[in-house]
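Colleague: Could you please take a close look at the aromatic rings of this model, and explain each term as you go?

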Amino acid sequence: GSLGAHPPSPLSLPPTVTSEQIEHLHRRFKQLSRDQLTIRKENFDSIPDLEFNPIRGKIIHAFFDKRRNLRQESDGLADEINFEDFLTIMSYFRPIEMNMDEEQLDRFRKEKLKFLFHMYDSDHDGKITLQEYRNVVEELLSGNPHLEKESVRSIADGAMMEAASICVGQMGPDQVYEGITFEDFLKMWQGIDIETKMHVRFLNMETIAHCY
Amino acid sequence: EDVGSAVARVGAVWLALVLALIVLPSALGVSLGISEAYMWVLVKTLEWATIRIEKGVKKPRPQMLKTPTANGIIERDETPMEKEIARLHRVDFEFSDIFYFCRKGFEAIVEDEVTQRFSSEELVSWNLLTRTNVNFHYISLRLTVVWVIGVIVRYCFLLPLRFTLAAIGITSMIVGTTMVGQLPNSSVKNYLSEVVHLTCSRILVRALSGTIHYHNKENKPRKGGICVANHTSPIDTIILTNDGCYAMVGQVHGGLMGVIQRATVKACPHVWFERSEIKDRHLVTKRLREHVADKSKLPILIFPEGTCINNTSVMMFKKGSFEIGGTIYPVAIKYDPQFGDAFWNSSKYNIVSYLLRIMTSWAIVCNVWYMPPMVRKEGEDAVQFANRVKSAIALQGGLTELPWDGGLKRAKVKDTFKEEQQKNYSKMLVRNGSVG
């Protein structure tokens with residue numbers, strides 16, 4: 001069926017996303033869903049630019065993750081998402097507004113980092129283990145056939161050790177580092193500006209003439 | 001009985017007017033200036049409409065840019081991957097690298113370069129056609145009245161007129177070429193064939209209210225050459241044959257198109273391929289090469305993109321056309337979307353609804369640039385030559401250049417492309433000495 005003339009009004013979204021942007025996203029949604037009411041995983045196959053991306057699987061997974069990203073009560077993956085869900089995920093990438101206060105900024109940042117954390121933590125146990133981390137690095141480097149598995153592992157191991165040293169400090173000889181928790185993850189990024197790296201900024205929409 | 005004869009008389013007068021004012025000047029290659037007058041009125045009306053729309057906006061607006069919408073709605077950070085990842089390499093390289101790919105992924109989901117090219121170009125201001133009224137809402141009574149008048153003019157006056165002209169044009173083409181085809185091969189036959197083709201093209205262009213500006217006519221394609229142009233719609237052919245004679249290349253169709261093809265090939269050596277022949281690339285190249293080698297034959301017309309693009313960009317030129325040899329005469333065609341959208345979105349509209357849309361638009365306005373001939377250089381392969389010609393056409397027409405294959409309209413990205421970026425990323429990591 002058709003999606004109707006106007007998209008649903010996003011009462012749950014903060015006012016930083018303007019209605020023009022929502023209209024554009026709505027049109028994009030319609031294009032991806034081929035005029036259906038919901039999008040399935042297969043619809044993302046029609047985006048050539050996305051084919052390039054080594055973590056394509058994780059990104060698409062994020063759209064369908066029920067508890068973590070869609071803020072629903074149940075666990076697991078949804079089969080299909082509607083426009084509201086689509087907007088919920090896109091809202092993780094909205095840019096900072098000028099008039100945000102400290103608390104809002106902090107919450108904003110935590111949200112973005114949490115989204116990223118879930119990309120690593122594939123079994124959703126709240127910890128990024130060495131194996132999970134290795135998986136991500138392998139995916140990122142999957143395009144290069146010349147890189148041996150051993151080299152990939154040593155890159156991953158080295159990175160984990162560094163992370164451990166930041167989070168836990170000096171470890172005893174028989175201490176086992178279980179994994180990076182979300183608090184540790186936050187610690188890693190303290191003082192580093194990630195907000196500008198994790199947003200999609202729309203061009204000035206006022207150049208399109210519109211009247212009310 | 002009186003009503004019947006009155007209607008017949010009106011019909012006859014109208015037909016006579018059409019013949020006298022449009023068909024005859026087309027045959028003689030003369031312009032009576034009716035199109036120019038129509039365009040002038042049209043431009044004035046649209047300017048007035050734009051001013052009324054601008055006045056209707058309450059808040060003050062920044063200066064309107066002319067070309068933002070054609071190129072995207074989101075701001076892309078063009079920093080190359082190396083720089084951006086290097087900037088983040090403070091805590092831990094891979095943890096931060098995921099930011100880059102994550103963002104690129106989201107940008108692609110919001111908007112990607114390729115899919116964008118297969119929907120019509122967005123207008124910066126409304127041109128009083130309902131179909132382009134995406135962003136515009138009710139403004140004022142006066143504007144709505146003008147719009148209603150526009151609808152009446154377009155559907156009740158222009159559409160029948162154009163339809164009549166198109167019918168006359170196609171019929172004369174079939175009849176004319178069949179008659180000329182009866183003659184034995186001679187220079188007289190060639191001359192007459194050119195006259196018939198030109199006249200019918202002119203009638204058909206007028207049937208679309210086409211206003212075409214040709215630039216650099218001294219570079220017009222010559223006999224024995226290959227004319228190459230960017231493709232936006234099936235109308236492209238008529239646009240070009242309006243100004244010169246070409247040997248067309250294409251697949252044999254059924255129906256009306258097939259009738260036209262069979263008639264025209266008797267008068268002029270067009271190159272029509274059966275469906276089975278098209279699959280055999282060598283056969284195709286061989287036949288085209290034979291045609292080009294004969295210097296007395298008309299230049300062939302090819303659209304190397306292989307499919308209709310929405311006229312904001314030029315996509316990959318298939319190399320087949322460039323393997324034939326001979327001199328290439330590039331031509332750039334750029335339509336003005338303000339008066340009518342010429343792009344044929346074949347997945348959305350079939351040919352009949354497409355032609356209906358074209359005939360109920362205001363007009364088709366376009367610019368055609370003839371460019372200086374190009375030949376393949378020493379040591380250049382077909383693909384490089386194709387890209388060189390493509391860049392030249394894109395530059396001339398003011399279109400963006402994309403490396404993508406127009407076939408992506410229907411198919412998926414080739415696997416060979418996929419690994420490129422991943423290879424780059426891993427090469428970079430290895431180079432940074434992170435491999436122990």
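Aromatic rings and their partners

Modeller: The charged end of A:Lys41 sits over the ring of A:Phe64, 5.5 Å from the ring centre. A charge counts as sitting over a ring if NZ of Lys or CZ of Arg is within 6 Å of the ring centre and within 35 degrees of the ring normal. A:Lys114 likewise lies over the face of A:Phe182, at 4.6 Å from the ring centre.

This is a predicted model, in which local features need pLDDT of at least 70 and side-chain atom pairs count only at pLDDT 80 or more, while totals for chains, interfaces and linings use all residues. Residues are numbered from 1 along each chain as its sequence is written, chains are lettered from A and ligands numbered from 1 in the order in which they are written, and side-chain values use heavy atoms, leaving out hydrogens and water.

Over all chains, the structure holds twelve aromatic pairs. Rings of Phe, Tyr and Trp (its six-membered ring) pair if their centres lie within 6.5 Å; planes under 30 degrees apart count as stacked, over 60 as edge-to-face and the rest as tilted. The rings of A:Phe29 and A:Phe83 have centres 5.3 Å apart and planes at 65 degrees, so this pair is edge-to-face. A:Phe29 lies in helix H1 (residues 19–33) of chain A and A:Phe83 in helix H4 (residues 83–90) of chain A, so the pair ties together parts 54 residues apart in sequence. Helices here are DSSP runs (H or I, at least four residues), numbered from the N terminus. Both A:Phe29 and A:Phe83 are buried, that is, under 20% relative accessible area with a 1.4 Å probe and protein chains only. Ring pairs also link A:Phe29 and A:Phe83 into a cluster whose members include A:Phe64 and B:Phe106.

Conventions: Helices (H or I, at least four residues) and strands (E, at least two) are DSSP runs, numbered from the N terminus. Buried means under 20% relative accessible area, exposed over 50%, partly exposed in between (1.4 Å probe, protein chains only).
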